[in-house]
Amino acid sequence: MHPQSGELAGPEQAAAASAHSLIDADGGRSGGVDLGSAVAGLRSVVRDSWLRSLQLLGSPANAKARDLDQFEPLAAARERSPLQHVLPVLDRLLVEPARDTGLIVAITNEHGRLLWVRGDSAMLRRAEHMDFVAGADWSESAVGTSAPGTALASGRGVQIAGAEHFAPSVQLLSCTAVPIRDPLTGLAVGAVDLTGDERAVGPHSLALMRAAVAAAEAEMRLAALFAGAPAHPVGALAPSGGRPDSTGSGHVSSLGVTRARLVVPGQPVLELSGRHGEILTLLAARPAGISAGELALLIYGETAKEVTLRAELARLRPLLAERRLRLAARPYRIIEGLTSDASHVLRLLSTGDVRAAVDAYAGVLLPSSDAPGVRELRVELSATLRDQVLTTADTQTLLAYLELPEVAADSDALRTALTVLPPRAPARSRLVARIESLEA
């Protein structure tokens, strides 16, 4: 039997349970079972990870977290990790909200070793029985498919639910993880993971994790700047709240518009096609670059083919060249630099300048786009802005936020405003009227 996590059910769990049964029956020998057929029903990111795991481990029975203290003491691994400097950010955004919720947060190094595991005390004790503890190796080479190891192996945010885990011992858990990258080099320095029951893979979990990682990466960038690193790496945003970094030769405006616009100094504003706007918006969000495979997934989803992406990029490249912007490959990036209004707002939020972020937020990011990467960035931006406004903003900033069209039906935000407004504030009566209208 292969248990499922909490209330998880459905075709994806059934496909994972079936794959386990077929591989278990084969005993890891690959003699009587076509492994490709056994894993064919899995989601593509899970299927690819299982195939890697089978090659590395041979069988799920061999999947086990390893204690790496004999190779490097945990204290030394923590001291070596640049993520030690962003623990306060991750604590505030993830760990503190996870307490008493049945969820825990784990932070790994670049090799998948758990450096810090924090959160709900009951879940921490439960996770200990599965060797999900600080110091343990949770790379794919040790435990096979799991959110932290697979996020690092695939270079993308992933959700692994219940029976999709390769190791039988952890199939009662579900998890969401996102790689965290050095903002100056683009190299992964670890992953941030949310683990627990089915809530850990909820519809907004991936966006929440991406938002937290974006804030942590911004903190790392600031630390590098203050340590004397180059102040303006290609594609970076300005370290203070005003305008986007002047070193970026192109700027994409994607907030509050159906079609993005590309602005290059000295050139007419270019209204982009839907796909070109999506591509440049995502490239601006990741100035260090995005691989062809990952960009295809972000634009087209799990059925993506890189050849389709390359055809679109072939049409985009001459438009960029006319504006003296060069599109490089391996990974894809704009050589001269590219900023965006969306990244600028996230940058402001990461530095705590919530009022400037509200002022700069022109509306929902490309609201008609169905590209998975744009949807994730849209939710990340909206959720991060909402969270910081409702938890840290002053009254005037909160009132300005409530004027955004996307907040018109947000009764929780309206009620939050009532709790901070003075009793005789003129705005109270209008807020009460809006709440009554929503709840009528």
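Helices (H or I, at least four residues) and strands (E, at least two) are DSSP runs, numbered from the N terminus. With that rule, the chain has 18 helices and 13 strands.

This is a predicted model, in which local features need pLDDT of at least 70 and side-chain atom pairs count only at pLDDT 80 or more, while totals for chains, interfaces and linings use all residues. Residues are numbered from 1 along each chain as its sequence is written, and side-chain values use heavy atoms, with hydrogens and water left out.

**Exercise 1. Work out how well helix 10 is covered, and how far it reaches.**

Step 1: Find helix 10 at residues 274-285. Its 12 residues span 17 Å from first C-alpha to last, close to the 16 Å expected at 1.5 Å a residue. The expected span is 1.5 Å times one less than the number of residues.

Step 2: Sort its residues by relative accessible area: buried means under 20%, exposed over 50%, and partly exposed in between (1.4 Å probe, protein chains only). You'll get 9 buried residues out of 12, so helix 10 is mostly covered. Among them are His276, Gly277, Leu280 and Ala284.

**Exercise 2. Describe how helix 10 packs with helix 11.**

Step 1: Two packed helices are described by the angle between their axes and the distance between the axes. Axes here are lines fitted to C-alpha atoms, for helices over the stretch in contact, and angles run from 0 to 180 degrees between N-to-C directions. For helix 10 and helix 11 (residues 292-300), the axes come within 11 Å and cross at roughly 125°.

Step 2: Name the arrangement. That angle makes helix 10 oblique to helix 11; under 35 degrees counts as roughly parallel, over 145 as roughly antiparallel, 65 to 115 as roughly perpendicular, and the rest as oblique.

Step 3: List who touches whom, with contact meaning heavy atoms within 4.5 Å. From helix 10 come Arg275, Glu278, Ile279, Leu282 and Leu283, and they meet Leu295, Leu298, Ile299 and Tyr300 in helix 11. By class, this contact has 7 nonpolar, no polar and 2 charged residues. Ala, Val, Leu, Ile, Met, Phe, Trp, Tyr, Cys and Pro count as nonpolar, Asp, Glu, Lys and Arg as charged, and the others, Gly among them, as polar.

**Exercise 3. Is Pro183 buried or exposed, and what does it touch?**

Step 1: Find Pro183 in the loop between strand 6 (174-181) and strand 7 (188-196).

Step 2: Check its relative accessible area: at 16%, Pro183 is buried.

Step 3: Skipping residues up to four places away in sequence, Pro183 touches Glu217, Met220 and Arg221. The C-alpha atoms of Pro183 and Glu219 are separated by 9.4 Å, though these residues are 36 apart along the chain.
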